[in-house]
Amino acid sequence: MRGALEPHGDHPHPGEDRGSEPMHLALYTACFFLVAGAGGNMAKGNDFGAEAMAQYRERVKGMFYHAYNNYLENAFPYDELRPLTCDGQDTWGSFSLTLIDALDTLLVLGNVTEFQRVVHILQDGMNFDIDVNASVFETNIRVVGGLLSAHLLSREGGIAVEPGWPCVGPLLRLAEEAARKLLPAFQTPTGMPFGTVNLMNGVNPSETPVTCTAGIGTFILEFATLSRLTGDPVFEKVARKALDGLWNSRSDIGLVGNHIDVLTSKWVAQDAGIGAGVDSYFEYLVKGAILLQDEGLMSSFLDYEKVITNYSKFDDWYVWVQMYKGTVSMPVFQSLEAFWPGLQSLIGDINNAMKTFHNYYQVWKQYGGLPEFYSIPQGSTVDKREGYPLRPELVESAMYLYRATGDPTFLELGRDVIEAIEKISRVDCGYATVRDLRDHKLDNRMESFFLAETVKYLYLLFDPDNFLHNDGTSFHTVTTPYGECVLGAGGYLFNTEAHPIDPAALHCCSQRRQERWEVEALMQEFHSARYERTGSHHASSQQSSQHGKSKRTAQNGDGAKKRRNKKGGCVLSCPSQPFSSKLAVLGQVFTDSS
């Protein structure tokens, strides 16, 4: 891959271009669309008027390009930039990871030209048939997620898409290729995956079977999207089996631990909480439920939320507890937990989200960043966990909560983050991880999530009119081999690396709608034939009753015929029932023996 990719030039803003369901699950989906799609009320006052919002957007853009251009000039094609020595390093698998992670952020910032250039580079240069040990979790959320997002945003980015898109396309093929390299990790007795896989040779025989909970439960968004777009069910199947493995391994009080043996289902680390090693498992239950309209996933999350509140929550903080006893094991706040208020907002729990966010914001104000670990009783950092790698989670929650409430407090947080990062982390060759928030010493690393997540969420916080905030007032239709569908109408779901997925796309590439119309026509013909055979043998009263039923059947049949003649049926492409349910017409279920 390194030999196939060439570095870019040195202008400050490369090619910058702005021109060119069950009822309760439906309610959660409505909450999600309210937060993620509907425009938040603009904060009033001198601090955050339209002009100030525009100025902060420009400052965020400046941050992005300072980091991005230095990556291109000093680190590409390595995974990440080392900003103190102005060079690069491979970290998660030698994928030019920062380039993939930053791709959809380019489009969020309006840089269509550079988005197109990078898409063509990746199409021509990506190669996953390499002898590299890769993290299954990180490859999924960053590489598969980044490629899927860029694929689904290709038309928004002015790419000339293939006929049949979004069901086909070069970036989709790359995402599928990368995901297939991960599948050997899922071949375990429990269905829960190993944490590492060799992209050429599969799982090393000496690979440890111990995997963290998040490394098992963070696949359903990307893998279900892949299955729905490509038609290959294997990805969604293994992701669901992994989720089942975790669910079936809960303790008697309903908690999951931090690390588990994927061969035996025995918990190795028994601390239960919402932070590192567990966090995105809960995130994907909620987002998977919304994406797939899956009541079971939401029900699982609500069960977890109940026991987490019961055992882990104290004064709007969340601590770590022993998974079998519920006793406190670590009274600490971890920076990764700052995603939780944003997740609460997606299910409409704004009041609790605001309280917890307030606690986290106070820690930020204390240090100018969130330390990796913070002792709640002592009100200070934890030894050897004082660092701040420019994580996005608090800004992510601020973005969601601002969309939901319009409260300028969240814009104040965004302003504080910009000021702190510029003051503490900016160096000549990018932005450096803070090794210790107490003295602001720096580390020689800039993680790719800084461009994928932190900058993106900051920009979206100050850009209420961004296309990702679309409330459904604008959209476009595409024609696929299975009919017409709507895309770009809003309700985007971010994976845990902040790569947006358009949920409508999952209903563009399936034969289910076509099958629905065919089955309705078949059943209509069956009903008509049965009536013709049996109608003359009934008494007049029965004939009258049957005539009414036949009339209703005929009306339904005419409707089905009209829908069939209309190329794609309902243009909104609502999810259809599973095929096993489709042989039910007018309350009657037909089997092969009918």
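## Close-up views of selected sites

**View 1. Lys384 counts as exposed, at 64% relative accessibility.** Here, buried means under 20% relative accessible area, exposed over 50%, and partly exposed in between, using a 1.4 Å probe and protein chains only. This is a predicted model, in which local features need pLDDT of at least 70 and side-chain atom pairs count only at pLDDT 80 or more, while totals for chains, interfaces and linings use all residues. Residues are numbered from 1 along each chain as its sequence is written, and side-chain values use heavy atoms, leaving out hydrogens and water. Although Lys384 is not a glycine, its phi is positive, at about 70 degrees. You will find Lys384 in the loop between β15 (380–381) and α14 (393–405); helices (H or I, at least four residues) and strands (E, at least two) are DSSP runs, numbered from the N terminus.

**View 2. Asp315 has a positive phi, near 50 degrees, in a residue other than glycine.** Look for Asp315 in the loop between β9 (313–314) and β10 (317–318). With 70% relative accessibility, Asp315 is exposed.

**View 3. A disulfide joins Cys86 to Cys429, with an S to S distance of 1.9 Å.** A disulfide is taken here as a pair of cysteine sulfur atoms within 2.5 Å, and by this rule there are three. The link of Cys86 and Cys429 is right-handed, with 90 degrees about the S-S bond. This pair connects distant parts of the chain, 343 residues apart: Cys86 sits in the loop between β1 (80–82) and β2 (87–89), and Cys429 in the loop between β16 (426–427) and β17 (430–431). Cys86 is partly exposed at 30% relative accessibility, whereas Cys429 is buried at 8%.

**View 4. Cys167 and Cys509 form a disulfide, S to S 2.2 Å.** The torsion about their S-S bond is about -90 degrees, so this disulfide is left-handed. Cys167 is in the loop between α5 (136–152) and α6 (170–182), and Cys509 in the loop between β23 (500–501) and α17 (512–534), so the pair ties together parts 342 residues apart in sequence. Both cysteines are buried.

**View 5. Cys485 is joined to Cys508 by a disulfide, S to S 2.0 Å.** Which hand does the link of Cys485 and Cys508 have? With 105 degrees about the S-S bond, the link is right-handed. Cys485 belongs to strand β21 (residues 483–487) and Cys508 to the loop between β23 and α17, so parts 23 residues apart in sequence are tied together. Cys485 is buried at 0% relative accessibility, and Cys508 is buried at 0% too.

**View 6. Helix α15 (residues 409–424) and helix α16 (residues 449–461) cross at roughly 135 degrees, their axes coming within 9 Å.** That makes α15 oblique to α16: angles under 35 degrees count as roughly parallel, over 145 as roughly antiparallel, 65 to 115 as roughly perpendicular and the rest as oblique. Axes are lines fitted to C-alpha atoms, for helices over the stretch in contact, with angles running from 0 to 180 degrees between N-to-C directions. Contact means heavy atoms within 4.5 Å. On the α15 side, Phe410, Leu411, Gly414, Val417, Ile418 and Ile421 meet Phe450, Thr454, Leu458 and Leu461 of α16.

**View 7. The peptide bond from Trp165 to Pro166 is cis, with omega near 10 degrees.** Pro166 lies in the loop between α5 and α6. The bond from Phe76 to Pro77 is also cis, with omega near 10 degrees, and Pro77 is in the loop between α2 (50–74) and β1.
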